[in-house]
Amino acid sequence: MKNCTIKTVLSAVMLASGLTADENKTPSVPDIVESRQETVVKLFGAGVGNLDSYGSGIIISEDGLVATVWNHLVNNGFLTAVTADGQRHEVIVVGTSLKHDLAILRLDTAEPQKFPFIDYKSSGALKTGDGLLAFSNEYHVATGNEPVSVMHGVLACETPLDAGLGRWQFPVKSPVYLIDAIVNNSGAAGGLVTDSRGVPVGMLGREIRHRDTNMWVNYAVPLRTLEPAISTILSGQRVRDDEPEEEDRVLLSDRKLTAVFGITVLPAILKKTPAYIDRIVPGSAAAAAELQRGDLVLMVEDDVIQSVEDLRAALATHRKGQSISLTVNRNDSLAVKTLVVP
Amino acid sequence: MTSLRRRILVLMAFLLTASAFAADVPETVKEREQRRIKTIEKIAPSVVCVMPASGAGGGSGVLISADGYAISNYHVTSGSGDFMKCGLNDGKLYDAVIVGIDPTGDVALIKLLGRDDFPFCEPGDSDAVRMGDEVVALGNPFLLAGDFTPTVTYGIVSGVRRYQYPAGTFLEYTDCIQVDASINPGNSGGPLFDIDGRWIGINGRASFEKRGRINTGAAYAISVRQVLLFVEHLRSGRIVDHARTEFTVETNDGVVEFSSVSQLSEPYRRGVRSGDELVSFAGRSLTSANDFKNILGILPEGTRVPMTWRNDDGIHRTTVRLLPLHGFEEAPELPGDRQPQPGDEDEQDKPQRPGRPGMQRKPPPPVPAQWKHLFKKQKGYANAYFNEQHMKRLVERLREAVPSELTKADTQWVFAVATEKSTGELGVSPKAAWLQWEGGRSSLQPAAEVAQSNEPDEFGGVLTALLQMRKFFRADDELFSETFFHGDEHIAPSGAHVEVVVTKDDLIKCRWYFMEGNPLPIGLDLQTGAGEDEARLRFDAWKTDSSVLYPSRIGVVDADREETDWMDVSSIRVGAPAK
């Protein structure tokens, strides 16, 4: 990660070269934008709570297959896609892959239609410092029959990402592109990233925060990472989720649970060891929250806690300074305690 | 200590790598860097830090003329008072006064004082801007420019012809330019330039969301085309308004159709009906109802714009007078979330404030006595002083040009007129106007109800217009209920660039058109009320000698053909009216 940071700073010096080198050989940025923007569709569906009712997608075949992020928009149905020329299409979900955070859709056309598309099988790759363009329906600014927005940036580094939102953990384990521009805005998920010559390289992911810093991450999943999954889905097979979801969770170690929160729990000897508090460190955050030995933790915020693993996972998602409510069973009655993360 | 040493080592390693790298920079990159540096050197002097006299808060602006006219956002000047302080990159602070405001479009015109050789920017063509074009934004984000040297941010055009919903009923951004250059609180009102240093927009808005009131890579600039269209009205000192039409449109299968057309409207009288296709408006073709919203949104009220439409008979061309949208009499209050939020700038300023030049926040100095006369408060105006100045200039010129013989209260004028086909007489006296033509005589008595409907249709309001002209030439404000300078615009059908004076006489509203260098009007458009076409007169080649004055030709614009029919004038007889 340190190596990555240094390269990032260096890459800023290369900003100009990234986008505009060799003007004689490559088309101008406006020309590239014009040719690529029409392969990105705007998605409109149902929002949930604070989640947006709009997103982006990349057309990956001439007959209207679209790759996007497998998020609430896809799950909630009633999804409409608007192409760059303003045409509206209902969409059908073809398949999904949990561990790629990927959904493949089909534009539902009454008659066969030819769409401008990108070839996901022959995508390019970015090196740290390369200039890039990001196309997306960010903030649904492009409300009319107009193309999506385009932004410019530089590849900061390619790295595995430990990030998520609340308890949801970003599932892609292989490295992703970190970008030095704020490209992952509302509605940008599913947008297209190309290199400075317009060669497709990645798909913008959903909005997530980094687990170490709690900062919003600007990133894209490389198309070459998505390619096998897209091919599998298109061949009609299911993408196997060979790792059960349970193991994806980040668990707070017993040591940290004691050192940071001042809580010691029963050792996890059973598959679901109840989350009984065994000991409270005097003067700790847990002590300040008036937690006691023998309390059984039933809930952290709105999440049901069924085991010590659940508790260690729930506490791992919260950040310094946050107040978390813990519902505990003490002497057969419920008590709600507020724990401030130290 | 170890940690510090490590940090120094990392820093040194970084510096070494960086300098080694610098040697390998390709020529093209160096050239582009030089080009950017030159561009920024060229444009930075025209960028303005706009601050209230108190020095608390502020925004940005850009100079557009050597005599100090500058553009900013309405939401910047709105909280800054009638007199402001403006800093330029020469490090100096100038007094400035508000001139005109456009609350709907979020544009304000101010005038910097004390010099007649201000540096100013060169406008570009915002319609030619393409997605992907490189841009630079200059301004005063977070009020960092302690010595008024503007901050420069770089980006590309993310979208063109964007629409941003109004805050309530105003501060609406239509046909604007979306950029990914960093725009933050304090940048408002500042200029957006293309990479060659041509001014293409005014940065005024950004999409802020969960990350707080800081840039997220999506900001919006008002197009310079819109700004320039409004500047011509803003210099009148008025609260300038946007436009509406008396019809609505909708998109139907990729075709823009009229959905409703008011029966009292001008387009209806020209034959436009719902279901007809709107092909182009104000010189731009349309593919959706959104396009129409975008085109209309950048036009000031009161202008007459061309329109092409199609029905079963074919394609037709006409012009439409744009009606006022809001008719603000007072500057509207900003919605809460658009009001200057001192916290944005001030709190971030605090830790750095000591020792920084030019930013000590003292109580506002009083308006210098030498500038006090430059502001006049009046309903309907941002600053009525500027309107008075323009009126004085135009009316005095007119008064000097019109022989006193002509404007004596009891004289009548009789023009000898002729067309290719016949001859006649056109007369106007204090009490009546008449046209004698091919043996017949039509007259109009102002003592009766003064309305075009009193005169025969074929005269197109000429007689009413002549009565108004007689009044106007006496250059006596008392004769009208209201007179004011409207601004500059291009008139139809000739396209001539004119200055417009408006007179109101009861229900009759006249727009008098003046061209540069000519004290006499080249025409007038006269409105009497809803449901009636305007009388549109044009005057050509004024003849003047010691005691008389007349245009060699008088033209009447035919609304259906949008063409001017001319008659020659061979003489004028001025004398006492016949009993």
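1. Two residues are taken to be in contact if their C-beta atoms, placed from the backbone, lie within 7 Å. On that basis, residues 24 or more positions apart account for 62% of the contacts in chain A with a separation of 6 or more. Please keep in mind that this is a predicted model, where local features need pLDDT of at least 70 and side-chain atom pairs count only at pLDDT 80 or more, while totals for chains, interfaces and linings use all residues. Residues are numbered from 1 along each chain as its sequence is written, and chains are lettered from A and ligands numbered from 1 in the order in which they are written.

2. Chain A has 8 helices and 21 strands (DSSP runs numbered from the N terminus: H or I of at least four residues for helices, E of at least two for strands). Of its 342 residues, 45% are buried. Buried here means that 20 or more other C-beta atoms lie within 10 Å of the residue's own; 12 or fewer makes a residue exposed, and anything in between partly exposed, with C-beta atoms placed from the backbone.

3. An α-helix has 3.6 residues a turn, so residues three or four places apart point the same way. After α5(A) comes Gly236(A), with a positive phi near 90 degrees.

4. Strand β12 of chain A (residues 192–195) is also worth a look. Leu192(A) and Thr194(A) point one way, Val193(A) and Asp195(A) the other, and all are buried. β12(A) runs antiparallel to β7(A) (residues 131–136), with 4 bridges, and Leu132(A) stands opposite Asp195(A). β12(A) is also antiparallel to β13(A), through 3 bridges (strands pair if DSSP finds at least two bridges between them). Here Leu192(A) faces Met203(A) of β13(A). These two strands form a hairpin with 4 residues between them, and Gly198(A) in the turn has a positive phi of about 95 degrees.

5. Met203(A) turns up again in the largest nonpolar core, of 164 residues, where Val66(A), Ala67(A), Ala134(A), Ile179(A) and Met203(A) touch the most other members. A nonpolar core is a set of buried Ala, Val, Leu, Ile, Met, Phe, Trp, Tyr and Cys residues joined through C-beta atoms within 7 Å. Apart from it lies another core of 40 residues, including Met469(B) and Tyr513(B).

6. On domains, the assignment (automatic or from a database) gives chain A domain 1 (2–234) and domain 2 (250–340). Domain 1 brings 5 residues to the contact and domain 2 brings 4.

7. Finally, the chains: 31 residues of chain B are in contact with 32 residues of chain A. On chain B's side, α1 (2–22), α2 (27–43) and β8 (151–164) each supply at least two residues, and β8(B) gives the largest share, 7 residues.
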